[in-house]
Amino acid sequence: MMPNSLGRNLFIPLTLFLVIAFLIGPFLIIVAASFSAGDTLAFPPQGFSLRWIAKVFTVESFRASFGMSLFLAIGGTAAALVLGIPASYALSRYKLPGAEVIRTVVSAPIIVPGIIVGLALLRYIVVPFGVGISLALFLAHTALVLPYAVRVVSASLDNLRSDIEEAAVLLGSSRTGAFFRVVLPNIRGGILSAFILGFVTSFNQVPVSLFLSGPGVRTLPIDMIAYMEIVFDPSVAALSALLAFLSIGIVFAAERFLGFSRYV
Amino acid sequence: MSDQAYLSLEKLTLAYGDSVAVADLDLDIRRGELIALLGPSGCGKTTTMRAIAGLLPVRSGHVRLDGADITHVSPNKRAVGLVFQSYALFPHLSVYENVAFGLRLKGLRGTELDAKVQSGIKSVGLSSFANRRPAELSGGQQQRVALARSMVMEPKVLLLDEPLSNLDARLRLEMRTELQRVQKETGVTMIFVTHDQAEALALADRIVVMKRGAIEQIGSPQDIYNRPQSSFVADFVGFENVFALEGGKLKAAGSLFELQGEAPSAAGLAWRPRMVSLGTGPFRGTVRGTSFAGDHREYLLDTPLGLIKAEVEASQPVHDLGTELAFDLPAHKAVPLSQFS
C-alpha cells in the first residue's frame with residue numbers, strides 16, 4: 001500500500017509543477033535568451049550581455065510598427081468603448097427584443113477564427129472599397145476589442161443598481177445627465193479594466209493583422225515575424241521579453257489599483 | 001376633485017405592456033397628510049407610487065398636484081421626492097455630496113448650498129458622518145441620508161417605498177418617530193407604501209387599502225382596524241374569522257349556521273380571535289392547537305364551520321389538545337362587512 005499512497009500524494013503536486021512549468025517555461029526561456037551574448041537565438045544563452053536589448057531600440061522598423069501597434073491598441077480600444085459602453089448599457093437596462101442575438105453577434109469576433117476575419121476584411125472590405133491599410137487595421141482592431149469591452153462593462157453595470165438613476169432623475173437630473181453623473185462614475189473601474197484588456201488583446205493580435213499588413217504598415221507582432229524570417233538574432237527575444245514585462249506591469253498595476261480581476 | 005385636494009389621482013390607469021396593474025383609480029390627498037398605501041404584493045401600490053413620481057408613464061387618467069396637471073410632466077420637474085426601499089444612494093459620493101446632489105442641480109453654490117446641506121444632514125443626526133461613503137454606513141443611517149437627500153429639495157410630496165421593512169425592530173420605531181417628526185416640522189405631504197398593516201396603522205393619518213389594482217377601502221387607522229368594509233380588508237387587519245352571511249345565517253363549509261342574537265344585515269361578518277367566546281355557546285369545536293402569547297393564549301379549533309381562531313386571557317385555565325369546547329361567535333360583537341369575496 002505504501003508506494004501506492006505515496007504515488008497518490010505526489011500526483012497533485014507533480015501535476016501542478018508540470019502545468020506551471022509549461023506555462024512559465026517559455027517565458028523564462030525567452031527572458032534568459034534575451035540576455036545572451038551570442039549572435040543567434042539560443043537556449044541556454046551564451047554568456048551575458050545587454051546588447052540585444054539595446055539593439056531593439058535601434059531597429060527602425062520596430063519603432064514604426066510599435067507606434068502603429070500603440071495607435072491601434074489605444075485608438076481601437078477607445079473606439080470599441082465608445083461603441084461598447086452604450087451597447088452594454090442598453091443590454092443591461094432595457095428588455096431589448098433579441099438581446100441574446102445582439103450579445104452573440106457582438107461576441108462573434110472572438111468566436112470566428114482571426115484568420116477568417118482577416119481574410120474576409122481583406123477580400124470584401126479593403127480590396128473592393130479601396131480602404132486604406134491603416135483604416136482597415138483600425139476597424140479590425142475595434143471589432144476585435146468590442147466583445148471584451150461589452151463583456152467587462154456589462155459586468156460592472158450589472159453590479160450597479162439601476163434605481164440610483166431614478167433617484168438622480170427625481171433630484172432634478174435629466175436621464176442623460178443621470179448616466180454621466182451617477183452611472184459613469186460608478187463603472188469607471190470596469191471601463192478602465194476593459195481598456196486594459198482591450199489594449200493587451202489588440203497589442204498581441206496576430207492573425208487578423210497578418211492579412212491587413214501592407215508595405216510600410218505593420219503591427220509590432222507582424223514585424224517581429226518578418227524580422228525573424230530574415231535575421232535570427234536574440235533581439236526578437238529581447239523585444240518579446242520587454243513586451244511581456246510591459247503587459248505584466250499594466251495588468252499588475254490594474255489589479256493593484258482597480259481590482260481588475262473583479263471585472264474579467 | 002374636492003376643494004381640499006392637493007394631490008389627486010383621477011381615473012388613473014397604469015399598465016406594464018398588456019397587463020393592467022392599476023385601473024381607474026381615484027384618490028384625493030390633502031396637503032400635509034400622511035397617507036399609507038397598504039396591500040399585499042402585486043396590489044398596485046408601488047406602481048401607483050411610481051406613477052405619482054413620474055417614473056411610470058400613465059396609460060390614462062390624470063395626476064394633479066397643487067393645482068397643476070402633472071400627468072405628463074417629466075419626473076425631474078415634478079418636485080416629488082422618493083425614498084427608495086433600497087435607499088438608492090450614490091455609492092461614489094459622500095453623504096455630503098449625496099445630499100448636495102439635487103441642490104447643485106438647482107444651481108445652488110457656495111455658502112447657500114453648504115448651509116442647506118449641513119442643516120439637512122444635521123436634521124437626520126448624521127453631521128459627524130458627512131464625509132463617509134454610503135457603504136460605510138448602517139442600513140438605518142443610509143435611509144436617513146436618503147431621507148435628507150429628498151427633504152432638502154423641499155418636495156411637494158414625499159414618497160417612501162416600504163420605509164421600515166428593511167430595518168430591525170428597534171430601528172423601526174426610531175425611523176417611525178423620525179418620519180412623524182419630519183412630517184410635523186415640515187408639513188410635507190407624505191405617501192408611503194407598505195404591506196405591513198402595523199406600520200400603516202402606527203404611522204398614517206389615512207390608510208388606502210389596495211387590492212388587485214383598485215382601492216378596497218380608505219379610512220383612518222381606527223376605521224380600517226375596527227370597521228373593515230370587506231372580507232379582504234378584515235382578513236388583512238387581523239380578523240381571523242370571516243364568514244359570508246346568507247339570509248341572516250352564517251355560511252361556512254357549504255352549510256348555513258344559525259347565530260345567537262340578531263345578525264346585522266350585511267354581506268359578511270368578521271370576528272377577531274379575541275371576540276370569540278370560549279366555554280359557552282351554541283357551537284362546538286375540538287382544540288387542534290394552542291399557543292401561549294404573553295398576555296393571552298391562542299386556540300385553534302376544529303369546528304363544523306371550519307377552523308376558528310380564538311384568544312383568551314392567559315390567566316384562564318388551559319384547555320388541552322383534543323378537548324371538545326363550546327364556543328360562540330357573538331352577533332353583537334361581529335363587524336358587518338358590506339363586501340364579501
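Predicted model: local features only at pLDDT ≥ 70, side-chain atom pairs only at ≥ 80, totals over all residues.
Visitor: Why are helix 2 and helix 4 of chain B called roughly parallel?

Guide: Helix 2 (residues 95–105) and helix 4 (residues 139–151) of chain B pack at an angle of about 30 degrees, and their axes are 7 Å apart. Angles under 35 degrees count as roughly parallel, so helix 2 of chain B is roughly parallel to helix 4 of chain B.

Visitor: Which residues make the contact between helix 2 and helix 4 of chain B?

Guide: Helix 2 of chain B contributes Val95(B), Asn98(B) and Val99(B), while helix 4 of chain B contributes Val145(B), Ala148(B) and Arg149(B). The crossing of these two helices is right-handed.

Visitor: How do you know that the span of helix 4 of chain A is close to what is expected?

Guide: Helix 4 of chain A, residues 99–111, has 13 residues. The expected span is 1.5 Å times one less than the number of residues, which is 18 Å for this helix. From first C-alpha to last, helix 4 of chain A reaches 18 Å.

Visitor: Where does helix 4 of chain A bend?

Guide: At Val105(A), by about 30 degrees. A proline, Pro109(A), follows within four residues.

Visitor: What makes Ala99(A), Val106(A) and Ser107(A) count as buried?

Guide: Buried means under 20% relative accessible area, so these three residues of helix 4 of chain A fall below that cut-off. What covers the buried residues of this helix includes helix 3 (60–93) and helix 6 (133–158) of chain A.

Visitor: How many of the residues in chain B are buried?

Guide: Buried residues are 51% of the 341 in chain B.

Definitions and conventions
Residues numbered from 1 in each chain as written. Chains lettered and ligands numbered in written order. Heavy atoms only, no water. Bend = angle between axes of the 7 residues up to and from the residue. Buried < 20%, exposed > 50% of the residue type's maximum accessible area, 1.4 Å probe, protein only. Contact = heavy atoms within 4.5 Å. Axes fitted to C-alpha atoms, helices over the stretch in contact; angles between N-to-C directions. Parallel < 35°, antiparallel > 145°, perpendicular 65-115°, else oblique. Left-handed = near helix turned anticlockwise from the far one by under 90°.
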